[in-house]
Number of protein chains: 2
Amino acid sequence: MELLRERIRKEGRHLGNGILKVDGFINHQVDPTLMDACGRELARRFAHVGATKVLTAEISGIAPALTTAFHLGLPVVYARKTRPITMPDQVFLTLAPSHTKGRMVELIVSPEYLASGERILIIDDFLATGATILGLVRLAQAAGAQVVGIGTLIEKTFEGGRAALSHLGVPIESLVVITAMEGERIVFAGE
Amino acid sequence: MELLRERIRKEGRHLGNGILKVDGFINHQVDPTLMDACGRELARRFAHVGATKVLTAEISGIAPALTTAFHLGLPVVYARKTRPITMPDQVFLTLAPSHTKGRMVELIVSPEYLASGERILIIDDFLATGATILGLVRLAQAAGAQVVGIGTLIEKTFEGGRAALSHLGVPIESLVVITAMEGERIVFAGE
């Protein structure tokens with residue numbers, strides 16, 4: 001997706017260790033017009049999978065998942081990392097390593113909003129190692145729901161996430177694919 | 001706003017101690033179409049204040065702030081509760097009590113995205129005690145920015161937030177106003 005790639009080219013910054021800083025338009029400050037365009041494109045790519053719900057993880061998955069769900073006309077559930085007091089005692093919970101926090105975090109979904117038989121489209125900001133997304137897959141499976149697609153804004157192929165998810169046999173779409181980051185240079189697929 | 005009030009009437013639940021559960025359409029599962037309508041209405045109410053940026057707090061402020069910012073054509077910044085490694089060492093940080101977590105949380109904004117001279121519209125899901133919003137006001141003031149309006153989806157008048165914010169002298173708008181919750185009964189303003 002040209003629009004997002006150009007934005008990353010202009011404002012993205014490689015901080016070292018495979019960390020791409022996109023805090024100016026995705027992760028801390030958000031450009032809602034860009035995020036709407038990304039959601040529209042992800043919705044177009046997944047229009048055929050028959051999803052009944054979008055699932056993401058707080059925090060930075062919320063914006064792209066919300067706009068994707070909006071364009072698909074579906075509800076979106078974001079897995080919580082801490083259990084709020086409004087949640088029932090019995091929950092679906094799994095652990096996933098957080099790339100940017102350097103520790104394991106909990107991913108928690110209330111059974112009220114993830115039911116057996118649902119067809120789940122997982123949306124997140126990054127496809128890196130795939131660890132967070134695999135956590136979301138486990139939550140969906142624990143609920144008896146079926147994952148029917150995985151979509152992200154930015155894929156970093158050198159972290160192997162696509163291979164880690166391939167056994168699921170579902171379509172995986174990323175709007176921008178980055179194959180390497182060397183010093184200040186961000187290399188996009190096909191360049 | 002009729003649409004949101006009816007949704008609360010149907011699906012909102014008073015859990016006691018002034019906690020209103022809206023996890024089915026705002027706080028855990030989100031209805032993107034409803035959230036878009038709320039953002040459109042908040043944008044309409046604040047069209048005249050000349051805001052240059054929308055500011056909110058993760059996590060549940062993100063959805064209404066994103067849609068409001070979209071309809072105003074502005075960027076949105078969400079204050080983080082933990083500092084990600086992508087953030088510079090020098091940040092704006094304040095403490096605010098979390099209603100649903102029962103403890104103090106940090107609210108952190110990078111100086112990269114909150115600058116002197118900005119005109120800040122604060123958007124959040126709830127106006128309860130006003131403590132989180134006052135935290136966001138402090139962050140804006142620390143940056144030398146000016147708060148020009150405060151908008152929320154749901155105001156609980158019995159927690160006094162509007163009074164706590166009145167010294168700011170800025171317009172405060174809530175889409176739905178709840179004056180009392182007694183047992184299972186949720187009382188809306190004007191009823």
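Residues are numbered from 1 along each chain as its sequence is written, and chains are lettered from A, with ligands numbered from 1, in the order in which they are written. Since the model is predicted, local features need pLDDT of at least 70 and side-chain atom pairs count only at pLDDT 80 or more, while totals for chains, interfaces and linings use all residues.

## Where the chains meet

Let's start with the contact between the chains. Chain B puts in 35 residues and chain A puts in 34 residues, where two residues are in contact if their C-beta atoms, placed from the backbone, lie within 7 Å. On the chain B side, the elements giving two or more residues are α2 (23-27), β3 (29-30), α3 (32-45), α4 and β5 (76-79). Helices here are DSSP runs of H or I with at least four residues, and strands are runs of E with at least two, numbered from the N terminus. The top contributor on that side is α4(B), with five residues. Sorted by class, the chain B side has 18 nonpolar, nine polar and eight charged residues. For these classes, Ala, Val, Leu, Ile, Met, Phe, Trp, Tyr, Cys and Pro count as nonpolar, Asp, Glu, Lys and Arg as charged, and the others, Gly among them, as polar.

Now for the two α4 helices. Helix α4 (residues 62-72) of chain A packs against helix α4 (residues 62-72) of chain B at an angle of about 65 degrees, with the axes 10 Å apart. The axes are lines fitted to C-alpha atoms, for helices over the stretch in contact, and angles run from 0 to 180 degrees between N-to-C directions. The residues that meet are A:I62, A:A63 and A:L66 from α4(A), and B:I62, B:A63 and B:L66 from α4(B). By class, this helix contact has six nonpolar, no polar and no charged residues.

In the largest nonpolar core, which has 119 residues, A:L66 and B:L66 touch the most other members. A nonpolar core is a set of buried Ala, Val, Leu, Ile, Met, Phe, Trp, Tyr and Cys residues joined through C-beta atoms within 7 Å. Not counting residues up to four places away in sequence, A:L66 touches A:V76, B:V30, B:P32, B:M35, B:A63 and B:L66.

## A sheet across the chains

There is an open sheet of seven strands with mixed pairing, in the order β11(A)-β10(A)-β9(A)-β8(A)-β4(A)-β5(A)-β3(B). The edges are β11 (185-188) of chain A and β3 of chain B; each has a single partner strand, so one side of each is left without a neighbour in the sheet. Strands count as paired if DSSP finds at least two bridges between them. Elsewhere, β3 (residues 29-30) of chain A joins β5(B), with A:V30 opposite B:V76.

Here are some strand pairs side by side.

| Strand pair | Direction | Bridges |
|---|---|---|
| β8(A) and β9(A) | parallel | eight |
| β4(A) and β8(A) | parallel | three |
| β4(A) and β5(A) | parallel | four |
| β3(A) and β5(B) | antiparallel | two |

Ten of the eleven residues of β9(A) are buried. Helix α3 (residues 32-45) of chain A lies across β8, β9 and β10 (172-182) of chain A, at about 120 degrees to β10(A).

Strand β4 (residues 53-57) of chain A has five of its five residues buried. In a regular strand the side chains alternate between the two faces of the sheet. In β4(A), A:K53, A:L55 and A:A57 are buried on one side, and A:V54 and A:T56 on the other. A:L55 stands opposite A:I122 in β8(A), while A:A57 stands opposite A:A79 in β5(A).

## A loop in chain B

Last stop: B:A143, in the loop between α5 (131-142) and β9 (146-156) of chain B. Why does B:A143 count as buried? Because B:A143 has 20 C-beta neighbours inside 10 Å. Beyond four places in sequence, B:A143 is in contact with B:F92, B:P111, B:L114, B:A115 and B:S116.

Notes:
Buried ≥ 20, exposed ≤ 12 C-beta atoms within 10 Å, placed from the backbone.
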